[in-house]
Amino acid sequence: MDRCGVSYIRRHVFVRGTPNQQYKAELDEKLKNLVVERSEVWVTSVVPRVDFMLKEFSKLKKHDSWRVRQTLVEVAHRILTECQGSLRSCVPAILEILVSLMADEYAQVSEPAINALRNFQERQEGSDGCRSLKEMLEEGLLVLITSFVRRMKMEDEDEKVALINLLNGYISMLGNQTTLFLSPPHMSRLAQALVQVMELDCSDQKILEETGIGAGGGTTDHSKFVDRVTIMKPRKKFVHFQSDKVQAGLMRTCHLLGLHGELSVLVGSFLEVYRQSTAHRLASVLIINEIMAGSAIVSGEQAMNTPAVSIKTNIIRMLIEEYLSPTNMTLCETVDSSQNTNSNSSYSVSLYMMEEAGEKPSFILTKNKAIFLSCLYLEGIGIFAKALGKDFRFLLMDILYILAEKVGSEVSSVSSTAYLALVDISCACGYSNLDDFIQENSDYLVNSVSLRLRHFDQNHRAPSVLSVMLQFCSVNILPLVWDSIIEILETLDENYEDQAVLFLRVLHHVMLAIGRWYPPQAQPKLVRKQHHVTQHLDPARLVAVLLERHQQRLAAENFDDEPLDDENVLQEEEKTREEEHDQPEVPPHIKAVKKVLLRAKNLLALNNPRMVLLAVDVVTQGCIDLADHENELLPMIHKVWEPLKQRFCDHNKLIVIKAVKALHTMCSLCGDFIRKRVEKDILPTLLHFLLKQSATSEGSGSAYQYTLDYKLQKTLLTTLGDIAYMMELDGVALEQVIDSCQPYLNERQPQKLQEACIACMKQLSLCNLDLIWFKIIWSLHTNSSSTTIPSFSAC
């Protein structure tokens, strides 16, 4: 049959008993057999086929083109409008299409879908004997929850996004009208589904390996630090999906539950899963946090609802007690074998409470899970503050000290998460920045630190709270924490062997804070000398300088021949005493620096590498802080010199590298004062290492660049030029430095060492250009058969 005949039949299809019987009489015998009468039997036989077609159409929900999805919405809307009676059994499938496309990213798709559902709801309310849209949506939601876990584990990423959009659409449409969110059995089913789908994967997380000194670096500006901290936070990875769209959709699901559901029922359901199954503990905490984040999205009327605020406050108080319990807060404590802590037993119990009985997971995986759970706890505290706003001030006493303690954690992810939580709390409570927030509550923090220091054997993390206060506050905090700093120094005197690392970390933050609050005004010697070299010497000025030196020499020669006048001597002594009396009083922060340096000096001679590294850092920063007070700086360098020079002979190359950097800092401040000591005590050891190691690095492979010997070589070649220049080395000492560095000009040396040596030679040429020229020419002459002397010009 041709297409014209089919079209003719379609135009004349009729229902039995209509007055259009004459059309059937006009057809010939062949066409009469193709006529379809739209009877009840025909409708019943066609509905399954249409239902099958709609299921096929529903696959277009995840089509890449938004125009196709828009057309699908139009088709579904038209079927609901014109075929509701005959295709009543297909309505759930059509509603599923519209509900799923409500959350489409294109407004051209989502808005028509929402309008179609509203129109259908209005027609249903005006019809008698029809099921309401609410009942249909509730039924569809329950069916979806039943198969949600299975489908999320089996489908591809695009289908998972469509499933989550469907779930979010059901929750959005039902809103506060349904009683499903008030039913504990139904919420228990939903909780089980969500925690299984949102199972977190910690198998390849590199949390344990990421260690640091804590977040912030001393800044108090939130906007400058948040982006950097976000990288340091542990990234959430899930077992059953990898797409960011799926994760965003599930977070949206939790937010909608918090917005439309009953908080007490929701939180109770997920807390029940949290307590029953350790395998789902991470997912349960994550979902509870996101639900509370969704509860912060309230309308104006809800915000004024006092009972709702009171219920939310009670729920948050209960969650804080659970999150910040001693058992949970000791999950990520690090156990250092060099520290004789008394929390090893509780640490082990807390760490392995994460796993099911009978399992024996690896230590790294277990520790990563513990750290991740601690981060979720801390992240939840910040979310709770956003949910309550300024009402969270009443809970600060419960959380402030613990959060400050976690900001000082050695684990970067924990430290960064705790810092972000403090930032969220300070913003939610109405503070302009973290500095004001800490200073406003400094009396509580200082008192807590002081009380815990009296029982230090049970509160090893107390000093880290003081570090955090110094790290993020301005100079106004110094008078408030001065007594605590003195207590730290006194406690350090009693715990040199047990917990010196914790105290040294605090003292290092004290030095850094003083350097930030009172930056040195004097330029380093290297900068001053380089600036002096770049200036052109005026011939007239040169003559004047030479004449002045000649007159001083004549005066010195005639000085011995002149008799001494007792009266003049007494006047000079009296003048000297008056000058000493008129010297300004040493500022309090300089006194603090001196006290800290004296403690650090005693720790430089210990055999613990970790303590020695921290002690060298403290000494280095202390010298920088004393740069403007030469009368205090030089005696302190004299006192720390003896234990410091022993570190250059240490077997641990990391300590030697740190000591070389400390020497570079000292030379930049007082190179002439320590020149003889460096030539006698330090240069022979360092130059011997350079000469000896040059044979090892020559012709070495790429793997050698990862050794400590290579790093020490590079550090020496980078700093020796500056050290020699700042100390004004000359003669034999300078020649020894050149001889030790010259082997690294060999083309068989690693490229980075050659570049460092060239830079060092350029810097040494500022000390004695002729000697550099002679050494290079002599090296070329001894290593080459050519007798031609190359030309040489200064760089």
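**Salt bridges and cavities**

I began with K61, which is buried, with a relative accessible area of 13%, and I kept in mind that the model I was reading is a predicted one. K61 counts as buried because its 13% falls under the 20% cut-off for that word. I then looked for its partner and found that K61 forms a salt bridge with E96, the closest N and O atoms lying 3.8 Å apart. This pair links distant parts of the chain, since E96 sits in helix 6 (residues 91–100) and K61 in the loop between helix 4 (40–57) and helix 5 (66–82), 35 residues apart. E96 itself is partly exposed, with a relative accessible area of 28%.

Next I asked myself how many salt bridges a search of the whole structure finds. The search gives 18 of them, and I looked up two further pairs.

In one of these, E410 forms a salt bridge with R610, and the closest N and O atoms are 2.5 Å apart. Here too distant parts of the chain are linked, for E410 is in the loop between helix 20 (396–407) and helix 21 (412–428), while R610 belongs to helix 31 (residues 609–625), 200 residues apart. I noted that E410 is buried at 18% relative accessible area, whereas R610 is partly exposed at 27%. I also noted that E410 and R610 are linked with R505 in a network of salt bridges.

In the other pair, the side chains of K591 and E585 meet at 3.8 Å, N to O. K591 is partly exposed, with a relative accessible area of 38%, and E585 counts as exposed at 68%.

The largest has a volume of about 100 Å³, and of the 14 residues that line it, the closest to its centre are G408, R461, S464, S467 and R505. Helix 24 (462–472) and helix 26 (500–517) each supply at least two lining residues, and the largest share, five residues, comes from helix 24. By class, this lining has six nonpolar, six polar and two charged residues.

Last, I looked up the second largest cavity, which holds about 50 Å³ of space. Its lining residues include L141, F181 and H186, and they divide into seven nonpolar, one polar and no charged.

Note on methods: Residues numbered from 1 in each chain as written. Predicted model: local features only at pLDDT ≥ 70, side-chain atom pairs only at ≥ 80, totals over all residues. Heavy atoms only, no water. 1 Å grid on protein atoms, 1.4 Å probe; cavity = no way out; pocket = protein on both sides within 12 Å on 5 of 7 lines; lining within 4 Å. Points joined across faces, edges and corners; volume = space filled by probe spheres on them. Helix = DSSP H or I, 4+ residues; strand = E, 2+ residues; numbered from the N terminus. Nonpolar A, V, L, I, M, F, W, Y, C, P; charged D, E, K, R; others polar. Salt bridge = Lys/Arg side-chain N within 4 Å of Asp/Glu carboxyl O. Buried < 20%, exposed > 50% of the residue type's maximum accessible area, 1.4 Å probe, protein only.
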